[in-house]
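User: Could you take a close look at one part of this model for me, the place where the two chains meet? Cut-offs included, please.

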Amino acid sequence: MTRILSRPSFLVIACIMYMILITPFTSYMRNKPIEEKLGYLPSVKVLIPLSADQKELTAASLVMKVLMYFGGIVGKTQDGKVISEPPDLKGMSRLLHGAVQLDPYNMDAYYFAQGFLTWDAKQFKVANALLDYGMKYRTWDWYLPFFAGFNSAYFMKDYAKAAEYYKRAGDLSGSDLHKSLAGRYMQESGQTDLAIAYLTAMEKGEKNQALKKNYQIRLAAFHEVKRIETARDRFVAEHGGSPVSVEQLVQLGFLAPAPADPYGGRFYLEPSGKVATTSKFAFATKNK
Amino acid sequence: MIYIAKTTLKGIFRDRVFQGIMVVALLFLAIPAVALLSMRQVAELSITLSLSLLSFILLLLSVSLGATSLWKDIERRYTFSVLSLPLSRSSYIVGRFLGFAVFMILSSLVLGTVACLVIKFSSSMFPSPSGQPIVWWYVVAAMLFATMKYILLIAFAMLFSSVSTSFFLPVFGTICAYFASSITQQVYEFVNSPASEKSISPLIKYASTAVYYILPNLAGFDLKVNAIYSIAPNPIGLGLTVLYFFAYISILLSGTCLLFGRREMK
């Protein structure tokens, strides 16, 4: 046996065999069915000791595994191949949760989880719980509260929570957009006074004139909302029932002068009594 | 002692260990390409990969150098000729250790420089979107403490090697000590947490605490998170870790000298 192995002719034959095999083998690997799974992953309790001092690397490799898996499915979809089963979203979530337990600072994990947990898996609470966990560690990063704010407002309609997240994002980033969104959602959640106080402070501290003007307009709108709310509450106290419209409040003398929306919209009362405006506190844009 | 250290260093270079490291270090060149796979933290991933590769090379070095040193010297009868010189056994041990430690420092210096260049390249191409700048001092500190950790592991390997007649105990003993030492902190915190009060018996609690104090705490030398995410390390903690390093090394070397001094040479 050892004699055969030491012959150069054997090496040549082995190389030829390899060359013959490699093409069909590569083709087999490339055309493997889509049911490739994320594979077995030991519990994080086991992974932590196994990773020793390479926890960050293990976390990064878990995120990469999920990315490759998802990227492979998306790639095959784009190639026009039929997907026999949907992506293993639960498995992806499990791996990403494992990754952030190993490395709670890994931004890729939060970013990717935010993408598929909300739009694909509809697991809004799970997504926000993960983002809340990340915020405890990535204390400097405004992206996490920004994502959580979006999830709260857009998916869960929890405007009070959204305002809280956007305020945090605004404080961290110093971005006007986040601060405005915070103010806007505070109003939508019925916390007009809080929104006015928040925007007043922001307006005072703003040096940029354009941004200052922006705050002033939003503040003026919220002051008008506050006036309507006060008039509505007086009406309820005197008549025992809710007013039908803002116009009724004006006609009966509860609200003078008539409220004007600086964004060009028209104030109205929602069936619940909440004050809203057709402008949604934003200037109208024309589609070209 | 210095003579032994110099000879050890020369021997390592003669065995072409450094060239071997340089070949493995070629992997550093692939890091910028791999880091590009990250969506939001290219710079952070390049630091993770660089520090992990550095750490991995140092681990291989510490196990291969420390665990195969003494018993191999005895097997090759190198020890007999050296100890026939006017040189104590403990000087031989300390000289060997110093030679290994200097080689580890040199390797870290070269690999660390390559790693810094790779990180600089990656981060200049894709700066972190969350605006966290790289604090180079933290990166260097992480490399320095990783080097210290693996020097400590060499001392551990030499302790095993001083009583062993084959490579099994030093190699596997060192690897087991490395894994165990990396998690002792977590185990200690868990068994002493209020959550485990009812579920863990006092005997296990005391045994775990004893193991925690006996085994080296390598987790204290891990500053990767600080380097990757620019989180300021605690300077007092760093100072304590340095003192811990010297204290533990002293214990290990002293133990090794005692055991090697009593070893029967045939």
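**The salt bridge and what surrounds it**

Analyst: Let's start with a charged pair: B:K149 and A:D53 join their side chains in a salt bridge, at 2.4 Å from N to O. The term stands for a side-chain nitrogen of Lys or Arg within 4 Å of a carboxyl oxygen of Asp or Glu. Between chain A and chain B the count is one salt bridge. Keep in mind that this is a predicted model, where local features need pLDDT of at least 70, side-chain atom pairs count only at pLDDT 80 or more, and totals for chains, interfaces and linings use all residues. As for bookkeeping, residues are numbered from 1 along each chain as its sequence is written, chains are lettered from A and ligands numbered from 1 in the order in which they are written, and side-chain values use heavy atoms, with hydrogens and water left out.

On the chain A side, the elements that give two or more residues are α3 (44-51), α4 (55-78) and α6 (107-119). Here helices (H or I, at least four residues) and strands (E, at least two) are DSSP runs, numbered from the N terminus. The biggest giver is α4(A), with seven residues. Sorted by class, the side of chain A that touches chain B has 15 nonpolar, two polar and seven charged residues. Ala, Val, Leu, Ile, Met, Phe, Trp, Tyr, Cys and Pro go down as nonpolar, Asp, Glu, Lys and Arg as charged, and the others, Gly among them, as polar.

Now for the whole contact, meaning heavy atoms within 4.5 Å: chain A puts in 24 residues and chain B 27 residues. Together the chains bury about 2,300 Å², and carbon and sulfur atoms give 61% of that. Buried area is the accessible area (1.4 Å probe) that two parts lose on being put together, summed over both. A:D53 turns up again here: with A:E56 and A:W140, A:D53 supplies 26% of the area that chain A buries against chain B, more than any other three residues.

Moving over to chain B, B:I134 sits in the loop between α7 (89-125) and α8 (136-163). Setting aside neighbours within four places in sequence, B:I134 touches B:A43, B:I47, B:I119, B:S123, B:V139 and B:S230. B:A43 is 91 residues away along the chain, yet the C-alpha atoms of B:I134 and B:A43 are separated by 8.2 Å.
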